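The structure is shown first, and the discussion follows.

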Amino acid sequence: MRPRAFAILGLVAASVLGIGVPAGAQASEAIHSYDVAIEIRTDDSIRITEVIDYDFGTAQHHGIFRDVPTRQSYDERYDRVYPLHVESVSATGGASADFEVSDEPGGITRIKIGDPDVTTSGEHTYTIVYTVEAALNGFRDHDELYWNAIGSEWDVPVDRATATVVAPAGILDAVCYAGPVGSTTPCDKLTIAGETARFRRSGLVPFDAFTLAVSLPKGAVADPRPRLVEPWSIGRAFSRTPVTLGLSGGLLVLLIAGCGWLLWTRGRDRRYVGSPVDQTLGNPTGAAQSVPLFERGIAPVEFAPPQDMRPGQVGTIVDERANTLDVTATIVDLAVRGYLTIEEIPKEGWFGKPDWTLHRTDKADGDLLTYERTLLSGLFKDGDDPKLSSLKRTFSERLAKVEEQLYTDAVKRGWFVKRPDKVRASWHARGVVSIVAGLALTFALARWTTFGLVGLPVVVAGLLLTAGARWMPSRTAKGTAVARRVGGFRTVIETAETHMSRWAEEQNVFTRYLPYAIVFGCTEKWAKAFEGLQQMPPDTTWYLSSRPFVYADFGRTLDDFSVTTGGTIASTPSSSGSSGFSGGGFSGGGGGGGGGGSW
């Protein structure tokens, strides 16, 4: 509902209910005279001088404001704008003539006069001089100024209103209207003398308009043309035209193809040229090529970890990630190899949680790999017998260092040209940059043009790069060979029950390869395969428990330990805070107008 409607409802309610208008309301204020002088210039602009004799009554106010419509709907597509420039403002009786100009909602330019630190009352005269561009309307046989000398948004009465129009050539005709918006009641007096037309109206009530129309001969002013702008909208910003659809579609295809080309050329593993044997063991010349599309490679059966690889190394080469599972399996491997023992602490009560105590042994760590040594020292940094639960929220930085060293180890061994984590991070960052750039481009195109659709393919490309970052690390030919051999070893571990006869005479195969089963995610399957083997229980002195050894139970227990350990050592410290002639004229129908009031 518009302010005028609110005011009318208020006045009606006051009269019906018999209550008075509050002190300081507009009923106690009035405009004794409102004189408007309009000079039509040859460049299609007008210069307006408004002299407003405003009576504030006894209420204290800072000054007045003048709202001039400078943007109106023109048709379904365009708005018409009237650029306004204030030349000067003056006031009498000691009232402040300070002013500021602002753009308000609804296509209004507000001229606010007064000082927020100074108030005044009584009668004062304000003179406002401003120019409006592109104000006239052009027709086939004449040009015309159709203007609201006084707009319909003044909520105070105007005792006497006058308007004078001076044109650069003889005025052909003139009319004026006064009253509520839509009224065709003529004004009190109209005179035309050559290049000057004068209009007068008395007794305008609140929200009445005083509108005039003056016609000029063609050529008196520059050919009037409305200044049009296309208002912003989602439909306009993302206009679906043959041009925008063609450009965005073509760009989308191009960028998707580019992302696919990057993945194809930069993210594919290399392998040795030659037979399957050459591919897994290396050929004499070392010749290599990109792995052909859809080639899975033959994984020869391996009954032991190739090249004496450790569980952490196996996990890193398999999925190109050094993760918490690889570190957890390494902890178990260190225990199996005698560098520490794991003591089970039974849970207490129905809601208790299991825990384990780690004990450091006296075995020297000189033969350990760098990441193993870092892990071992990190586990016992705060004491020789830590509980696993005590590592919660304290081990994450040490874990990150161990994972970093696992990546470094993989590159040092020639399995990757660059660290996989850094490759993923690099491509992920490029994707994020592309998304941000695409969003910025889309915003700019949508804000100032109708080509918003053209920026979206860049965003899509960024999303593809971000999602595809996981596949960008690539193994060297040596890395692919090792990964395929690891695949052969994994097959053996996952189908252990078919190979039991080979291990019937070997002792401690179960515990020796248990850390690898953890990495491959088949601990319970590995344990179940040994249940029917008639041999002495394996050496599990590195795992201290009050329960008797049973393969299946032990497998489940190690799974529980792995899951708990992974969650514990990866947990991070909690944060410390929270954080607008010809029978169509009427009062209020021209350009300009608007209204004003006191403040």
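Cys176 and Cys187 form a disulfide in this predicted model, with 1.4 Å between their sulfur atoms. The torsion about the S-S bond of Cys176 and Cys187 is about -60°, so the disulfide is left-handed. The pair links distant parts of the chain: Cys176 belongs to strand S13 (residues 173-179), while Cys187 lies in the loop between S13 and strand S14 (189-193). Eleven residues separate the two cysteines, and both Cys176 and Cys187 are buried. The count of disulfides comes to one. A disulfide is a covalent bond that joins the sulfur atoms of two cysteines.

The next topic is the aromatic rings. How many aromatic pairs does the model contain? The count comes to 23 aromatic pairs. One of them is formed by Phe489 and Tyr513, which are edge-to-face, at 5.5 Å centre to centre and with 85° between the planes. This pair links distant parts of the chain, with Phe489 in helix H11 (residues 477-494) and Tyr513 in helix H13 (residues 509-520), 24 residues apart. Phe489 is buried, its relative accessible area being 0%, and Tyr513 counts as buried at 8%.

In a second pair, the ring centres of Phe510 and Phe530 are 5.4 Å apart and the planes stand at 65°; because this angle is over 60 degrees, the pair is edge-to-face. Here too distant parts of the chain are linked: Phe510 is in helix H13 and Phe530 in helix H14 (residues 523-530), 20 residues apart.

| Residue | Relative accessible area | Class |
|---|---|---|
| Phe489 | 0% | buried |
| Tyr513 | 8% | buried |
| Phe510 | 1% | buried |
| Phe530 | 1% | buried |

Phe489, Tyr513, Phe510 and Phe530 belong to one aromatic cluster. Its members also include Tyr516, Phe520, Trp526, Trp542, Tyr543, Phe549, Tyr551 and Phe554.

Charged side chains also meet aromatic rings. Lys363 is placed over the face of Tyr339, 4.5 Å from the ring centre. Arg430 has its charged end over the ring of Trp427, at 4.1 Å from the centre of that ring.

How values were computed:
Residues are numbered from 1 along each chain as its sequence is written. This is a predicted model: local features need pLDDT of at least 70, side-chain atom pairs count only at pLDDT 80 or more; totals for chains, interfaces and linings use all residues. Side-chain values use heavy atoms; hydrogens and water are left out. Rings of Phe, Tyr and Trp (its six-membered ring) pair if their centres lie within 6.5 Å; planes under 30 degrees apart count as stacked, over 60 as edge-to-face and the rest as tilted. Helices (H or I, at least four residues) and strands (E, at least two) are DSSP runs, numbered from the N terminus. Buried means under 20% relative accessible area, exposed over 50%, partly exposed in between (1.4 Å probe, protein chains only). A charge sits over a ring if NZ of Lys or CZ of Arg is within 6 Å of the ring centre and within 35 degrees of the ring normal. A disulfide is a pair of cysteine sulfur atoms within 2.5 Å.
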